[in-house]
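I opened a notebook page for this chain. These entries follow the order in which I looked things up.

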Amino acid sequence: VAVELVEGVEVAVSAIDNTFRPETIEVAAGTEVVWTNDGRNDHNVLPVEGDDWGVEVDGFAPGDEYRPRFTVPGTYPYYYSPHGTTTKGMVGTVVVTG
């Protein structure tokens, strides 16, 4: 089933030097999520499972944005690898509703 993209709606997540704010967000399928690196250091946003989304350190310097769309309902945990593991430290979750 095709998901209609949600246009004109963005949900923001700020990557600060030791945390994502907010850590957990809930969005409708098709909504654009915007991570902004508001810290002083390069960051990454890595999915705990899979590799079909995420951004590496070399693509997410201070001031950069990363803008994926999540089109499949589910729970998508993510983390920043230098300041944590997949379950502790700088972690977050995107919950996509159908």
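**Entry 1: ground rules.** I count two strands as paired if DSSP finds at least two bridges between them. With that in hand, I checked β4 and β6, which pair in the antiparallel sense over two bridges. I also note that this is a predicted model.

**Entry 2: the whole chain.** I looked up the secondary structure and found zero helices and eight strands. Read along the sequence, the pattern is β-β-β-β-β-β-β-β. The C-alpha trace spans about 40 × 25 × 20 Å along its principal axes. I then looked at the radius of gyration. A compact globule with 98 residues would have one near 13 Å, and the chain agrees, with 13 Å. Of the contacts with a separation of 6 or more, 56% are between residues 24 or more positions apart. Buried residues make up 41% of the 98 residues. The accessible surface comes to about 5,400 Å², and carbon and sulfur atoms account for 48% of this surface.

**Entry 3: the sheet.** I traced an open sheet of four strands, in the order β2-β1-β4-β6, with mixed pairing. The edges are β2 (19-21) and β6 (65-66); each has a single partner strand, so one side of each lacks a neighbour in the sheet.

I went through the pairs next. Strand β1 covers residues 10-16 and runs antiparallel to β2, joined by three bridges. One place to look is A15, whose bridge partner in β2 is F20. β1 and β4 pair in the parallel sense, over six bridges. There, V11 has V33 of β4 as its bridge partner. On the β6 side, I found W35 opposite Y66.

**Entry 4: β4.** How many residues of β4 are buried? I found six of the six, so β4 is largely enclosed by the rest of the structure. I checked its two faces separately. In a regular strand the side chains alternate between the two faces of the sheet. On one side of β4 I found E32, V34 and T36, and on the other V33, W35 and N37; all are buried, so both faces are covered.

**Entry 5: the nonpolar core.** Which residues touch the most other members of the largest nonpolar core? The core has 21 residues, and the answer is F20, W35, V45, W53, F70, Y78 and V94. At least two residues of this core come from each of β1, β3 (24-28), β4 (32-37), β7 (74-84) and β8 (89-97).

Leaving out residues up to four places away in sequence, W53 touches W35, V45, P47, Y66, F70, Y76, P77 and Y78.

Entry 6: I turned to S14, which is found in strand β1. Is S14 buried or exposed? Its relative accessibility is 15%, and buried means under 20%, so S14 counts as buried. What does the side chain of S14 join in a polar contact? I found the side chain of D38, at 2.4 Å. Beyond neighbours within four places in sequence, S14 is in contact with T19, F20, R21, T36 and D38.

Note on methods
Residues are numbered from 1 along each chain as its sequence is written. This is a predicted model: local features need pLDDT of at least 70, side-chain atom pairs count only at pLDDT 80 or more; totals for chains, interfaces and linings use all residues. Side-chain values use heavy atoms; hydrogens and water are left out. A nonpolar core is a set of buried Ala, Val, Leu, Ile, Met, Phe, Trp, Tyr and Cys residues joined through side-chain atoms within 4.5 Å. Buried means under 20% relative accessible area, exposed over 50%, partly exposed in between (1.4 Å probe, protein chains only). Contact means heavy atoms within 4.5 Å. A polar contact is a pair of N or O atoms within 3.5 Å; within protein, one must be able to donate a hydrogen and the other to accept it, and residues adjacent in sequence count only if both atoms are side-chain atoms. The radius of gyration is taken over C-alpha atoms; the globule rule is 2.2 Å times the number of residues to the power 0.38. Accessible areas come from the Shrake-Rupley method with a 1.4 Å probe; for residues, only the protein chains shown count as cover.
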